[in-house]
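Okay, thanks for coming, everyone.

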Amino acid sequence: MSFFARQQQPAYTKLSKNQIERFTTTDDFVVIAHLHEDDEELLSRFSTTAEAYRDRYSFGYSTDVAQQDASRLTCYNNIDNLEHSEAELDQSGVIERFLETCKELLIPQLTRRTELKYRRPGKSLVYYFTGEESDRDLYVKRMKPLARTYHEYLRFVTVDSTEYADMSRGMGLELERGLVVENTHGGQLFPYRGSGGDIGIGEVENFITAISQGAVQPWTGHRDDSAKDTGGWSKHNVRDEL
């Protein structure tokens, strides 16, 4: 839905049970509040937030929550087919923070503004460097299923290699186009030897698994250290080793 179309619709829409499912697909990012009939304070905060963010999201609410259940927010990221929920809604600013979570792309682009956010210790990072937008878009399309499967343990990001040329070389890539896995806890880097060519989801999957099984050694700073993947597939190993 375009910015203009969002401005033409109400900031938020009251939904019946029969309308909810259809409403979830009306925009890239859809937020629905499931409330009790008497939840006036939360509805007030929700409506105020909807007025402020109506240019970026579509908002709806329904008073369909059973008395014994908690009110909750549900967000639908239809770009990446992701769904988020939040029931702890008492803290100040919780709705705004939830909206940020909602619009987080499955495979974002690392920029100067987001670099500190994504490179802090936590999930291991799978970088894809390229200077071509069409190549970046194709990679993202191919890797979404893999990124969705491992989103608890791995963060996939793309990097503009023309803007971050020094970064790619500092991670062991000899070309502007390529893939590197970083263990953010230990700082180990694993540049993929097949970088520069066409990289498919199976190759990335196998490379990540080989790293988790210890079949690939981290880069030591020498250009010929990049390793190619071997081995099979184990979600358990990825969780424990990366």
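Let's start at Cys75, which counts as buried because its relative accessibility is 0%; buried here means under 20% relative accessible area, exposed over 50%, partly exposed in between, with a 1.4 Å probe and protein chains only. Quick word on the source: this is a predicted model, where local features need pLDDT of at least 70 and side-chain atom pairs count only at pLDDT 80 or more, while totals for chains, interfaces and linings use all residues. Residues are numbered from 1 along each chain as its sequence is written, and side-chain values use heavy atoms, with hydrogens and water left out.

So what is Cys75 joined to? A disulfide links it to Cys102, S to S 1.6 Å; a disulfide is a pair of cysteine sulfur atoms within 2.5 Å. Cys75 sits in strand 4 and Cys102 in helix 4 (residues 94-103), so the pair ties together parts 27 residues apart in sequence. Helices (H or I, at least four residues) and strands (E, at least two) are DSSP runs, numbered from the N terminus. Cys102 is buried as well, with a relative accessible area of 0%. Searching the whole structure turns up one disulfide.

Strand 2 (residues 29-34) and strand 3 run parallel, joined by five bridges. Within that pair, Val31 has Phe59 of strand 3 as its bridge partner. Strand 3 (residues 58-62) also holds Ser58. Ser58 counts as buried, because its relative accessibility is 0%.

Last stop: His36, in the loop between strand 2 and helix 3. Buried or exposed? His36 is buried, at a relative accessible area of 12%. Its contacts (heavy atoms within 4.5 Å) include Thr63, Val65 and Gln67, not counting residues up to four places away in sequence. And His36 and Ser71, 35 residues apart in sequence, are 6.4 Å apart in space, C-alpha to C-alpha.

That's the tour, thanks.

Key: Pairing = 2+ DSSP bridges.
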